[in-house]
Amino acid sequence: MTSTLQTPRPESGASPIASSLRGRQLPRWVPPALTAAAVLLALVGVFGPVGAWLVLVGWCVAAVIPIWSLAVEGSRKAMDRLVTLLVSTAFAITLFPLGSILATVVSRGAPVLSSEFFTYSMRNIVGEGGGIYHALMGTLLITAAAAAISIPIGLFTAIYLIEYGDGTRLAGWIRFLVDVMTGIPSIVAGLFAYALFVIFFGPGVRMGVGGAVALSVLMIPVVVRSCEEMLKLVPNELREASYALGVPKWRTIVKVVLPTALAGIVTGVTLAIARVIGETAPLLVIAGLTDSVNFNLFDGRMATLPVFTYFSIIVPGVPPGPSIERAWGAALVLLIIVMLLNLAARLVSYFFSPKGER
Amino acid sequence: MGCPPGTTAPSERLTIVTSTQSPERRRTTPTRPGDRIFRGTSLAAALLILATLAGVAVFLTAEGIPGILASPDEVKHGTGFVDYVAPLVFGTLLAAILALTMAVPLAIGVALFISHYAPRKLAAPLGYVIDLLAAVPSVVYGVWGISFLAPALVPLYRWLEDNLGFVPLFAGPASATGRTILTASIVLAVMVLPVITAICREIFLQTPRLHEEAALALGATRWEMARLAIFPYARSGIISASMLGLGRALGETMAVAMVLSASGVVTFNLISSTNPSTIAANIALTFNEATGLTVNALIASGLVLFVITFGVNFAARAIVDRRKDFSGAN
Amino acid sequence: MPVKSKSMRKAAALGAGAVLALGLTACGAGNESGDGDESSSDLSGTLNGAGASSQQAAVSAWQQGFQTENSDVTVNYDPIGSGGGREQFLAGGTDFAGSDAYLDDEELTQANDLCGQIVSVPTYVSPIAVIYNLPGVDGLQLSPSTIGSIFAGDITTWNDPAIAEDNPDAELPDSAITPVHRSDDSGTTENFTEYLDAASEGTWTAGVVETWPTQGGEAANGTSGVVAAVESGEGTIGYADASQAGDLGQVAVKVGDEYVAPTEEAAARVLDTAEEVEGREDTDIALELDRATTEDGVYPIVLVSYQMACQTYEDADKAELVKSWLTYVVSEDGQQAAADSAGSAPLTDDFREKVQTAIDTIGG
């Protein structure tokens, strides 16, 4: 569709009839040239030695386009060009914090990464050295457990909402409450998990699986929402064709609906994992922190990357340097994990989504 | 609720067809145990979610009520609960609303850029880049806010104080470190931006192609096409996306706790170092050293936050449902 | 249909595989592989503690020392804060607690119900530095009353006569002072305000508090937050553990007629001027510091942090473990390790002896 939109109008050449229909236009080279100049100035302003004010100069250069257009092409075209400018500006503004954060994390985290950093825990480490092995394992285990809890619940709920309960009052309520659940502050989820586990294990309980429960509270609504959207996109003709062949409803769901929506579901689930893997507050409350490796979700404290990062920054040792470096390294590793997850999700949706769809 | 009406309507219609006809058919064939089990499992999962939510609410209420009822001398903050929580509610709303004011227009712009302005080949990678922002742990946002953003904003705050000091928002004195509620809101805006952008983008992309091409065929410019074909269709989706972003902004804990110089006052002054605190940040900052009824009071403040997010979602839902009837999509 | 289910399996394998691949290769960390081979002691087990985050860096050092000596032992410490630490300990959730304040009377009753008798000893003494960032001014000196006025918000510019009087040689700019305080509740704030309350001669009126009482000034989360805020602003002044002050200027505080800088020696000497709180058992060493001391060479703004344990545990091995842990913590090695990695002031020999006597009562 966008190919229709993107095709530059004046390509049909200088036919006199066409031009009389088109009205007066800016010279063809003007918008791209000014845009290029503006981008160049902005880039020099951000990365070069001259100063950030060049960015403003660049923007002003770009702002010439709509003004010129107003003089030549009239107000409608000028408005269109102005909006193009504004929309592009919005995107550029967004890129700035992203670039800034990524640059900070990568430049400060990358020097820390080494084989020792990935294979050592913090047991018996003071000052330099040590690594994030324990926190990495903790994060993977707790997140995997959270996913193991959330995905079945979330998926089955979505199936209920779309396949069984659609249109019923109960489904309406569940949809609404799932939306409310997306708004639960993460620290409240942590407190809830803590209170729940205190009932069974007594005060002061610290358990990896508690962290998984807290993360599930945050993750389930995201899974439900994305699975629901994906199940909705499955064409009803497929279901009906299956029913017509005498296939029971549940087998239709398992064999027809889910495979069709699979790519989208995997994408949604992966994004949900990415959403919770960086949570700090709930894990702080219920999973705690330890310096040693712990593979048992049901016994004792488990370090996780976000909590490790938080404490490495908040209570560094003396000198604070190595601890803060480790924090940046851990943040970078977390970012890489999430990037890979995102990438995997996109690849899955690219390779497995039915061809010909959007 | 993010689902635009255009996609639900036809599928709903079709579902009705099947559901009205299939029971009659099924009566002739015996219900299979597999079907019953599957239906039961999915219903149980849905009910489990309700139970979890009820659990959260019950837990917050049960633990919170003693804190609400506690007399001033039993808790550390030494005031009644309403006096304690009111400035926090103010700060929470102020920070979240400021963040949304910045994030929503930007997000709509970015989503529009990705879906309709950027070259088609670039759209997917650009979306990926923006989604990355959602993945950055909030601790990293906090550190970035302290060490990079706040100092960078100090000159701006000085300038605002000198030139716009007569506006109460910028009355100053400007913070020397830049760790103001405005800075915290900017960090929050960056954090909620990808959430809003992702949803808006998906909805913009789902705009019926016929509507867009009809607009263009009538001679509309690209902007007019967006205004006439995309926005009416996407309005409810934009609102629900903003509400999701608002929910995220209201509940964000660590980044605000690290960036904001919080004093628990009520003020509209955005650039001084004396700022209102937020509920979530306040919980994070005081929970560790809290004992006894103070803990209950903190949990009660969590309940207040929960009720606020509940209300926000309720409102969003209501708006979206109402808008559905008027949206130009159908 | 078979195509579909095949692709489903493929995708599921892809998703699960990523996690499993890492999970299955899981084994001990590189630095933990030697566990149990050459343990020189017969102690084993896990010791869980929680409490003051001020001790965290020191506890890391102690963990290292103790776990190296006893390789079958794991010590965990959650830096969740003093209040939470005491609460969890009193509820029986942890084996020992770290706290910036000794138990109050109510908590003491609870503790005696739980433990028979509590063993509570000071383990960590850390000077709190008044840090500032004022380019061109080194070696700032301040009297307690001036510090009180600055943090109360009464003195607002650096060239105030009161500051000039303490610093006759310095060229003070007329820029504004931004006092930085902790936004979270903390023992550091409590100790600092206790000092201001006792020594400021009335310029500090807000009393001894854990939560910063006044609404002026800048607030920052945690010691590192305060340090970052002081570093990033100009004309800022704050208080933080001296070990974390980095390159920032540290105020020399007026004690008697002298100005004393926050050094380990000067801080450790505070314990000598301290008095024990009346009416406590011998094993519960609670110190009342003399903040307004005028004695030479004593730095009065210190944070004293305690560790608490029970005298008796149901499990005798646990008691033995706790006893060995605390013995190591207050030993010369332990205190030196903390000094090296957390910048604390080692306990003096006399004081260590007294503390050790209390620890020896654990386990009967």
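Buried area is the accessible area (1.4 Å probe) that two parts lose on being put together, summed over both. The views below come from a predicted model, in which local features need pLDDT of at least 70, side-chain atom pairs count only at pLDDT 80 or more, and totals for chains, interfaces and linings use all residues. Residues are numbered from 1 along each chain as its sequence is written, and side-chain values use heavy atoms, with hydrogens and water left out.

**View 1. Chain A and chain B bury about 8,500 Å² between them.** Of this area, 74% lies on carbon and sulfur atoms. Chain A brings 86 residues to the contact and chain B brings 95 residues (contact: heavy atoms within 4.5 Å).

**View 2. One salt bridge is counted between chain A and chain B.** A:Arg76 forms a salt bridge with B:Glu224, and their closest N and O atoms are 2.8 Å apart. The term stands for a side-chain nitrogen of Lys or Arg within 4 Å of a carboxyl oxygen of Asp or Glu.

**View 3. Three strands of chain C form an open sheet in the order β5-β10-β11, with mixed pairing.** The edge strands, β5 (141-142) and β11 (258-260) of chain C, each pair on one side only. Strand β10 (residues 252-255) of chain C pairs with β11(C) in the antiparallel sense over three bridges. C:Lys254 stands opposite C:Tyr259 in β11(C). Strands (E, at least two residues) are DSSP runs, numbered from the N terminus; two of them pair if DSSP finds at least two bridges between them.

How values were computed: Chains lettered and ligands numbered in written order. Helix = DSSP H or I, 4+ residues; strand = E, 2+ residues; numbered from the N terminus.
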